[in-house]
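This report goes through selected parts of the structure shown below, beginning with a strand pair and ending with local backbone geometry.

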Amino acid sequence: MKQVLNRWVVVALALCAGLARAAEVMESARELPIVQDVDVVVVGGSCGAVAAAQSAAKMGMRVYLVTSYDTLGEDLAGTLRLWATGAEADSSPLMKALFAGHAASNALAYTTPLTVKKALDAALVKAEIPFLTGTYATDVLLDEQGAVAGVVMANRSGRQALRARVVIDATSRAVLARRAGAAAAPFPKESYTVRHVVISGRAPEGCAKVIEHPDWQPDRDVFKLGKSANFKPQLFECELSVTLDGSAQGFAEALNVARDKTFTFEQLDAADRLAFVPPDRIIAAKPSTTTWSDVAALNLESFRPAKVNGLLVLGAMGDVTREVAAELLKPANGILLGARLGRRAALDIQAKTETNVSQASLRGEQVKDAVAGDVREVSGTLTQPYATWSGKVACAARALPVLGETELLIAGGGTTGGPAAVGAARKGVNTVVIEKLYELGGVQTVGMICGYYYGNVRGFTTVIDEGVKAKGAIRSQAKAEWYRSEARKAGAQFWFGCMAVGAFMEGNLLKGVVVVTPEGERGVILTKAVFDATGNADVAAAAGEETEFYPAEELNGQGVGMAVIRLGAGGHNNDFSFVDDTDASDMSFFGLRTRSMTEAGWDVAQLVNSRERRRLVGVFQVSALDFYTAHTYPDTFVQYRSRFDLHGTASGDFFWSRQIRGVNHPILEANVPYRAHLPKRVDGLLVGAIGMSATRDAMSILRMQPDLQNQGYAAALAVALALKEGCALRAIPIKKLQEQLVADGVLPQSVIGTPDSHPLSEDMLKLAAAMIRVNYDGLQFIMADPQRALPCVLQKYRELDTHSSGRDPAVSLVYAHVLALLGDATGEDELVGWVSTNTWDAKWDTGLDAGVNRMSAYLLALGRIHSKKAVPAINQRIMELAAFKYVRPEHCRVLALVAPLIDDPALVPALAALLQAPEVSGHAIRMGKTIPPVEGYSSTSDYRQKSTEKTFTLREINLATALFRLGDSEGVAQKILESYANDPRGFYANYARRVLQAKGGNK
Ligand SMILES: Cc1cc2nc3c(=O)[nH]c(=O)nc-3n(C[C@H](O)[C@H](O)[C@H](O)COP(=O)(O)OP(=O)(O)OC[C@H]3O[C@@H](n4cnc5c(N)ncnc54)[C@H](O)[C@@H]3O)c2cc1C
């Protein structure tokens, strides 16, 4: 049955795409980690699904819930059908919570997406039911008798198995029931009525019918209307006819048609999902033909698919009349049914003995004539309480459907992917965009960062800006719609709610991308080229390319935020935590935590606004020193422009000696070569967005929206050129590309024919070696080519003796410092002398001011030469800190870095004492019946908000890591690292686990 369904989907997709292909690929046998063993897994995040999870848990079951949507409540918050009758709003404790504080006016009560999400979150958190959003359940596990024994899920962390004795399939297409072998009634291809809700200042004109909701009057916290939105927002329910055939692509197209017809200049928000009563249903052993009376009258056996053991279907896909199905789509009824089915699942478990989850596996099948190649994917992590990692399940070799075929697949339709889609489609490239969310534009639209910070506002960015201005009054809405409508006009296809989760490879050639649809369909889109615009190098990582995220020497990151949405607001830019975007549980937990702390507003954005993510280590890796030395390249691809916008601390040694913020916070112009987008090994792939090949310091310049928009456009031109020339992406005629980019205003004429300005000339290095004596000027040239610079600096150091006025000790110390940074210990005694006789408060001498803390600068240098002579002085400095009332995180940072470099057990007692100083330890958190808030968080604050969580956690973890690596005789550090290894915040947990696993550290 599964294969029949798959082929049917393929045919439908092929028809939509104008392609005539029905094919499959083979995925080789493998093992997947088991996340947890539970009694009941609920798949789907509707209100009914939450009620089912709650009621099973009340019966003593261990329950887990997963949903592909990025929050709970896709049926209410995702459709924006935010109303209920007074009786409905009062029909269950969960409904009361969903409409809490929103009184019924006349006949209907209205709630907000934020209230809905918070109420559903709270229901599961209170019942201690772990749940993962952004996680797609794609397959069922079966035991030896063929009974359902859990699910396989795909997310940012790769794929995992969740073993369970009963699965409640609350997905809107009952895809897991089908996977388990359930038969379904046909879905005739014809015209269906769907409803799409928009909030706008004006009724949409393109729909068959528009239902107004004059009583919708949210309170003032919901709005932040600027001058551009001087109209009265209203809620409109738009009815339209669309052709559907049951395929994922058909639904994706329907959503696009709805958006085409409902967008207005005054739009403030629009639903992610359509409301629709499906014509098909899963065939149950006991179908129901009764008319609707209430949920209590329904026979639950109509929700048990015939010939399938261990699975119940929740919602409109039950074997009930379509009149009843329509009633079940109302959240109030969904909740009552969910509560009954959750209880039914528990009773089934109590009564049955037959399912043996220990024998669960993912079955497979061989197909002939499969497209040559195999699937590669990442194998990532999940945190506590989401995973206890209880073994592995076997997955047999199996066929995956080919869901489509295209010339260019863009993974991620965000800040970079959106412009790439418009650019490629306009160049006539057959383009498919796979976007996890339901809008294009990523951080700049869904994430509500709707304004430019520096960047070059030229080239395609100017084209975008003009289009967006004409498109709508609210920039986030207008921009998302401009990308969508322009690319669609030019023929691009969008698969919203879909995620790229793997690479289909033959040797080193990337032939396709493994995608999952919101309903859990997992298949491959074959393509000639891929632009990885996930901003997290997801496709590159899956393909096995080298990537990086954590800095090599310490735990460090750039602040992350999540916007609180007020309707009509221009944006919301905040910074209060850290996130590891490669960890699905961290992203899920971060959203949950943010919503729980947000008191008021319309909604919280569905996108984690991370400034730093996983990046490719490609053919060329751009470093911040490339900008500071004005590096030019023969293959300049895009130019960037910004201040060094670091939301945290930099990693490079240069920044420990030269303060680049403060008064001298210059605007930098940066060239970036095409090679920074090419993987070292894989062909057919360009990696862009903020997942490009650049160091974390460099990204503080390269991540601005105007430049990323031009980067997306340039990538589209590169692909178009490769297709036209019939050459590999790494072999395109670069000059031709540059000429086109010049013609389009993205690049200036001057880049064409420019040689590589590196390696730096000998004269330049000599000059820099002479200049550093004043304010460390020219240090960037020294640090950009340390090996060649060393003899020049040494020479200058020696020359100090030849001055008629004698050797100036202050200048000599500058050279001793720089030499040590280059790994040369010639000036060690001078440095040790200084750190032994000064304190943390010591200032720089006038004229030699490097800006950063002077003690830190010299300590790092002593670390670089592994100075044993410095140990007594360092011990002294550590004890000094431990005695302070407030232990400054920035001082601890350097000690944590330097101690393992010096690697002397004599440092152990002092480091252990520092960790036990007041407030230094104890910042790990646990998830329980409540979610610990971020200290100092305010939902109205911006990026300047003061929150100590980030600095205190980094201080504790980095000191503990240093101590652990040095020996940790009392086990103080191990205890701390273990507490973080079990922290729900993946950013810390993943780092702590790595340190613990690599016992002995860098010894
Ligand atoms: C809080 C914050 C404030 C900022 N402030 C400014 C500012 O004021 N001005 C400025 O110019 N810049 C600012 N920046 C920088 C800039 O906004 C970002 O660097 C930029 O938007 C990132 O673009 P991107 O294309 O790399 O990622 P995104 O815009 O996040 O796009 C990535 C897209 O890919 C999708 N996706 C991810 N993984 C997958 C997958 N596996 N499959 C399918 N889809 C996937 C995501 O849903 C998303 O839509 C800020 C950044 C942050 C985080």
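## Strands β19 and β20

In this predicted model, I434 stands opposite W495 in β20. Strand β19 (residues 431–435) is joined to β20 by 4 bridges, and the two run parallel. From β20 (residues 493–496), Q493 and W495 point one way, while F494 and F496 point the other way; all are buried.

C498 has a relative accessible area of 4%, and as the limit for buried is under 20%, C498 counts as buried. C892 is also buried, with a relative accessible area of 1%. The disulfide count comes to 0.

## Helix α10

Helix α10 (residues 417–426) has 9 of its 10 residues buried, so the helix is largely enclosed by the rest of the structure. The buried residues are G417, G418, P419, A420, A421, V422, G423, A424 and A425. Just after α10, G428 takes a positive phi of about 85°.

## Nonpolar cores

The largest nonpolar core has 169 residues, and L702 and I782 are those with the most contacts inside it. Helix α17 (residues 705–725) gives the most to this core, contributing 11 residues. Leaving aside neighbours within four places in sequence, L702 is in contact with V622, F627, Y640, A670, V672, M692, A694 and L708.

## Helix α21

Helix α21 (residues 786–799) has 14 residues, which at 1.5 Å a residue should span 20 Å; the end C-alpha atoms are 20 Å apart, in agreement with that value. The buried residues of α21 are A789, C792, V793, L794 and Y797. What covers them includes α19 (762–771), α20 (779–784), α22 (809–821) and α23 (828–837).

## An antiparallel sheet with a helix on it

An open sheet is formed by 4 strands in the order β12-β13-β11-β14, with antiparallel pairing. At the edges stand β12 (209–212) and β14 (267–270); each has a single partner strand, so one side of each is left without a neighbour in the sheet. Neighbouring strands are turned against each other by 35° on average, direction ignored.

Between β12 and β13 (residues 234–244), which run antiparallel, there are 4 bridges. Here K209 stands opposite E239 in β13. Helix α7 (residues 248–262) packs on the sheet and touches β11 (190–200), β13 and β14. The direction of α7 makes about 135° with that of β13.

## Cis peptide bonds and positive phi

Most residues other than glycine have a negative phi, and most peptide bonds are trans. Several sites depart from these patterns. The peptide bond from Q384 to P385 is cis, with omega near 5°, and P385 is found in the loop between β16 (374–376) and β17 (392–395). W389 lies in the loop between β16 and β17 as well and, although not a glycine, has a positive phi of about 50°. At 33% relative accessibility, W389 counts as partly exposed.

The peptide bond from H758 to P759 is cis too, with omega near 0°. P759 lies in the loop between α18 (734–743) and α19. A630, a residue other than glycine, has a positive phi near 50° and sits in the loop between α15 (624–628) and β30 (636–643).

Conventions. Residues are numbered from 1 along each chain as its sequence is written. This is a predicted model: local features need pLDDT of at least 70, side-chain atom pairs count only at pLDDT 80 or more; totals for chains, interfaces and linings use all residues. Side-chain values use heavy atoms; hydrogens and water are left out. Two strands pair if DSSP finds at least two bridges between them. Axes are lines fitted to C-alpha atoms, for helices over the stretch in contact, and angles run from 0 to 180 degrees between N-to-C directions. Contact means heavy atoms within 4.5 Å. A disulfide is a pair of cysteine sulfur atoms within 2.5 Å. Buried means under 20% relative accessible area, exposed over 50%, partly exposed in between (1.4 Å probe, protein chains only). A nonpolar core is a set of buried Ala, Val, Leu, Ile, Met, Phe, Trp, Tyr and Cys residues joined through side-chain atoms within 4.5 Å. The expected span of a helix is 1.5 Å times one less than its number of residues.
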